[in-house]
Amino acid sequence: MANILVVDDEIDILMLVKNALHKDNHLVNIVFNSTEVEKMDLGFFDLILLDVMMPAIDGFTLCRQIRHAVDCPILFLTAKTLEEDIMFGLGLGADDYLIKPFSIGELRARVNAHIRRENREKRNVLYHGKVHFNLSGKELFVQNERIPLTKSEYEICEFLARHRGQVFSKEQIYETIFGFDGKSDSTAITEHIKNIRSKLHTFDIDVIDTVWGIGYKWSQ
């Protein structure tokens, strides 16, 4: 199951794609007005389908605008069949395209192939918008620049990011990272998170929210 975003200015196409991908148990969000896309949490999606010819913001422009914020596959839905159009779209950062009219079978096969590939390639990588983790190397990057976190700071970030949106108390975070035999106490978590925020602030990144009276959560 994957979270998929479909952007098209034709309601019939949106419903066709949504119903087709539901057959493979994917969760599908559809957007009729392309201007709404940049307001969304794009890091939530595992794959994005973009129509090329849309009246507000065309698919090529939209792909260029969002590619820096997402690492998931972007597939174009296009009636443009000229090789130069296709090459131009791929050059903007798209991963694939389907030429309209396309068959339901081809749509499902292409989408599922990309989802399978992403699942294979990202076993050791975790992406959240502009932030990504090298899980095997225990490193955090923002826009491909490594952030100099301590071991404890990294572990806190990875733990919260793996449970994005879930709130954890300082005590829960401490026990998860340091165990019950830790040499300090849960107040150390406050200082660690203060240091993490300071290091990420350089990149104008604010991913750890304080939930007053409860604890912290990863917001992106």
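**Figure 1. Helix α3 and the residue that follows it.** Just after α3, Gly93 adopts a positive phi of about 120 degrees. The view, like those below, is taken from a predicted model. Helix α3 spans residues 83-91, and Asp85, Ile86 and Gly89 are buried within it. An α-helix has 3.6 residues a turn, so residues three or four places apart point the same way. The packing partners of the buried residues of α3 are α2 (59-66), β4 (74-78) and β5 (96-99). Glu83, Glu84 and Gly91, on the other side of α3, are exposed.

Figure 2. Side chains of opposite charge can pair when their charged atoms come close. Asp8 and Lys100 form a salt bridge in which the closest N and O atoms are 3.1 Å apart. Because Asp8 lies in the loop between β1 (3-7) and α1 and Lys100 in the loop between β5 and α4 (104-121), the pair ties together parts that are 92 residues apart in sequence. Asp8 counts as buried, at 0% relative accessibility, and Lys100 counts as buried at 17%. Lys100 also forms a salt bridge with Glu10, with the closest N and O atoms 3.7 Å apart. This second pair likewise links distant parts of the chain, 90 residues apart, with Glu10 in the loop between β1 and α1. Glu10 is partly exposed, with a relative accessible area of 40%.

**Figure 3. The salt bridge between Glu155 and Lys138.** Glu155 is located in helix α5 (residues 151-162). Its salt bridge with Lys138 has the closest N and O atoms 3.9 Å apart. Lys138 belongs to the loop between β7 (131-134) and β8 (139-142), and the two partners are 17 residues apart. Lys138 is partly exposed, with a relative accessible area of 41%. Not counting residues up to four places away in sequence, Glu155 touches Lys138 and Ile177.

**Figure 4. The surroundings of Ile173.** Ile173 lies in helix α6 (residues 170-178) and is buried, with a relative accessible area of 0%. Leaving aside neighbours within four places in sequence, Ile173 is in contact with Ile156, Phe159, Leu160, Phe168, Ile189 and Tyr216. Ile173 and Tyr216 are 43 residues apart in sequence, and their C-alpha atoms are 8.9 Å apart in space.

**Figure 5. A nonpolar surface patch.** Ile11, Met15, Ile30 and Phe32 form this patch, which has about 340 Å² of accessible area in total. Ile11 is part of helix α1 (residues 11-22) and is partly exposed, with a relative accessible area of 45%.

Conventions:
Residues numbered from 1 in each chain as written. Predicted model: local features only at pLDDT ≥ 70, side-chain atom pairs only at ≥ 80, totals over all residues. Heavy atoms only, no water. Helix = DSSP H or I, 4+ residues; strand = E, 2+ residues; numbered from the N terminus. Buried < 20%, exposed > 50% of the residue type's maximum accessible area, 1.4 Å probe, protein only. Contact = heavy atoms within 4.5 Å. Patch = residues over 30% accessible without salt bridge, like charges linked within 9 Å, V, L, I, M, F, W, Y side chains within 5 Å. Areas by Shrake-Rupley, 256 points an atom, 1.4 Å probe, with all protein chains shown as cover. Salt bridge = Lys/Arg side-chain N within 4 Å of Asp/Glu carboxyl O.
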